[in-house]
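Please consult the sequence and the model below alongside the text.

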Amino acid sequence: MAVLENAVPVIEPEQDIEQLLEADRRKDLLRFSTAGSVDDGKSTLIGRMLYDSRSVYEDTVKSVTKDAAIDFALLTDGLRAEREQGITIDVAYRYFSTPRRKFIIADTPGHEQYTRNMATGASTADVAIVLVDARKGILDQTRRHASIAALLGIPVVIAAVNKMDLVGFSEEVFEQHRQSLQKLARQLEIPELIPVPVSALDGDNVVHSSSRTPWYDGPTLLELLETVPLAIEKSHAGFRLPVQRVIRPHQDFRGFAGQIAAGTIRPGDEVVALPSGVRTRVRSISTWDGDLQVARAPQSVTLTLEDEADISRGDMIAAVNAPPRKASRLEATLVWMQSKPLRPGATYLLKHTTQTVRARVVQIRSRLDVEHLQQIPADALDLNAIGTVVLETSRPLLADLYRENRSTGSFILIDPADHATAGAGMIRDIVEAAQRAHGHGALALIAIDNSALAAQLEEHLLDAGVLVVRTRLTER
Amino acid sequence: MGFTGEVVSPGAGFSGVAGFEHPPEKPELSAARLSHIQLLEAESIHIIREVAAEFQKPVMLYSIGKDSSVMLRLAQKAFHPGPIPFPLLHVDTGYKFREMLEFRDRYTAELGLKLIVWRNEQAIADGANPFALGTQRCCGLLKTQALLDGLKAHGFDAAFGGARRDEEKSRAKERIFSFRDAAGQWDPKNQRPELWNLFNGRIGPGESIRVFPLSNWTELDIWHYIHLEKIPIVPLYFAKERRMLVRGDSLIPIEQPFVKGLPGEEQWVKCRLRSLGCSPCTGAIRSDADTLPKIIAELMAMRNSERANRVIDHDQDGSMEIKKREGYF
Ligand SMILES: Nc1nc2c(ncn2[C@@H]2O[C@H](COP(=O)(O)OP(=O)(O)O)[C@@H](O)[C@H]2O)c(=O)[nH]1
């Protein structure tokens, strides 16, 4: 436990509040997720960050202070209490801000059985913090946490090498971990992995630079969080507006409302309405606050167009020069989230942007063995499994690859029987309709009674560029 | 072979031990960066529109408080220039402050909104009050039961609520689409994972969801937004001299006949309310904050969690989670 050094935060009463609010309005919002194995010090770290950045309520600090020492872990640890009381273990969201930024923490439990919770927390995160115990280095769990961050497309992963006080703040120890982390990042294709030596308990390099790590002149954890760009600023996809709703209060106004999924839009820009393919221009970007001269992802806006176009919910308005692709057959990485396993041949509802279609599981390509980072064959995906599957949809999606754009590259699968959210998917590859249909004159009809065999054959045929239609000849 | 099927060069942006040889790249549109308030607003509007599109019969729970006021403004923005395509529902316990009811009627009429008021008339006629029943049972009857009955009577399948995750520990895990079974109950173990901005709005017969479009707003964000957007709020939030029962540190509003003071307890105090509930169970705080900037300054200085002033959360640790399971917001 650490000693209570600074009193509870209080602002100067004379401080000019309008000025403060002005500064507040300039802050953006960074979302990060945290994952660590039990006892790596995740709760302590978050508590320390909140406390040192003066983001905790006075009564909360009092309630976890004993003998003038704060138990930082208790400041935030809803999850621990839950573990003990057998209540819910889940993603817990926490909020704090510094003079530069606002933050949302998605605090997720680290154990394998909570893979789906980690994926949930990671799905919207700009940054992931992965905890590493300096005494132990990279464990199987570390690999799991890092690979989930990589899969969910988090552009920056910070490895907080914690408990440096217990290894005497040794540069060699940190250097060793740094090298293995670097190797892991390469294996996982994580664009940027930044190790930081910290002691959550004592506060070294969490918010304030530590004098006990003179060999480290990098930023503290909080300095990193304050400066990394938001994930959305890294997307290079063209303009996309999935239409949520048509707003038509009277004859003279017909607006298409939605949250911009990528890119920037201005009145006069040429756009295409999909799937109809009608080209037109943006007349106005209408909002309650008046018409805008420019809007960008992820703003929620309403567009009016120059020409009449038949557009409804589930359609997409996109940049003419860089439209999304039509995808009715796609390869995706799936995180499986329900206890009923995923099997080939099963049909689910698939929600992608604002449209929901039916999707059939054509094939399970492989399952990821997270501990060894290897793809292994699988004929089912169980709860918390991560796998690569091929899906076929009843109607084409207007999609991008997940790595090009998170919002138009992701989907969820919904169990049609009980409506549970069964899985979360990230589009890895799109088999374009045109590409699949390229010229083969012959037509073969093959009847197969074995769905696994059928899937295999279909796979080979598709690889050979043959158009395959699978149909059921008898009622089940 | 990597399992992502994509080729990124990991070497490029990798920072070495000295840390920051390669500082994160500057965003392209730095001048045009969206502020946190714009980001929160965009997210909330998206949520409100999704619900309006995917549910048969949504309703917005309107508590008359500051969070409801923000939620209502976001709904106006979501459908502008069209009207809000769902009604408001106010669950009236019979113990709301007079100023709240006046504000409610005036403001909703001004905006031309459809307002439904629902009361548990039987319990009110039976004289249910927190002193006789305890706060748990009183809330159970006048709030939770009334809410469930009101939703059921009208057949609403989605109800917007203004709760925020930063309000209270058990709310930190709350979903944005919070699923309720046919009895209106919340099963914390059986909530749907929520990824990206994709919400699963599928429900079976009799089932419903509660939706929390303000989940990611903090108390400061709410006040800041009210200030920025000039959103009207109930005057009880602003400090002025009010007649109060002063008992220890507590300031108890005198609105109901059964709230009786001991001699000398009744005093004029400059005070305000931080959150609006039922008058017998909502304490006021001593304050000079009679403008929004002063309220915000006070909030920044004070840093007591908001619901500490609400009597109801004190009676039992984790009482919020229990209430939520039963159907309370
Ligand atoms: N010496 C030392 N102990 C730490 C540090 N961080 C956390 N701990 C201790 O490690 C234990 C587990 O920490 P906790 O935050 O509860 O771990 P969690 O399970 O990952 O949330 C507690 O006893 C902490 O006091 C650190 O930097 N140095």
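A contact means heavy atoms within 4.5 Å. This is a predicted model, in which local features need pLDDT of at least 70, side-chain atom pairs count only at pLDDT 80 or more, and totals for chains, interfaces and linings use all residues. Residues are numbered from 1 along each chain as its sequence is written, and chains are lettered from A in the order in which they are written.

**Helix across the sheet**
- Helix 1 of chain B (residues 36-54) lies across strand 11, strand 12 (253-259) and strand 17 of chain A.
- Its direction is at about 65° to strand 17 of chain A; axes are lines fitted to C-alpha atoms, for helices over the stretch in contact, and angles run from 0 to 180 degrees between N-to-C directions.
- Helices (H or I, at least four residues) and strands (E, at least two) are DSSP runs, numbered from the N terminus.

**Sheet of chain A**
- Seven strands of chain A make up an open antiparallel sheet, ordered 10-18-14-15-17-12-11; two strands pair if DSSP finds at least two bridges between them.
- Strand 10 (240-242) and strand 11 (245-250) of chain A are the edge strands, each pairing on one side only.
- On average, neighbouring strands of this sheet are turned by 35° against each other, direction ignored.
- Four bridges join strand 15 (residues 278-286) and strand 17 (residues 300-305) of chain A in the antiparallel sense.
- Opposite Val282(A) stands Leu305(A), in strand 17 of chain A.

**Chain B overall**
- Chain B contains eight helices and ten strands.
- Of its 329 residues, 61% are buried, meaning under 20% relative accessible area (1.4 Å probe, protein chains only).
- Among contacts in chain B with a separation of 6 or more, 74% come from residues 24 or more positions apart.

Terms used:
Heavy atoms only, no water. Buried < 20%, exposed > 50% of the residue type's maximum accessible area, 1.4 Å probe, protein only.
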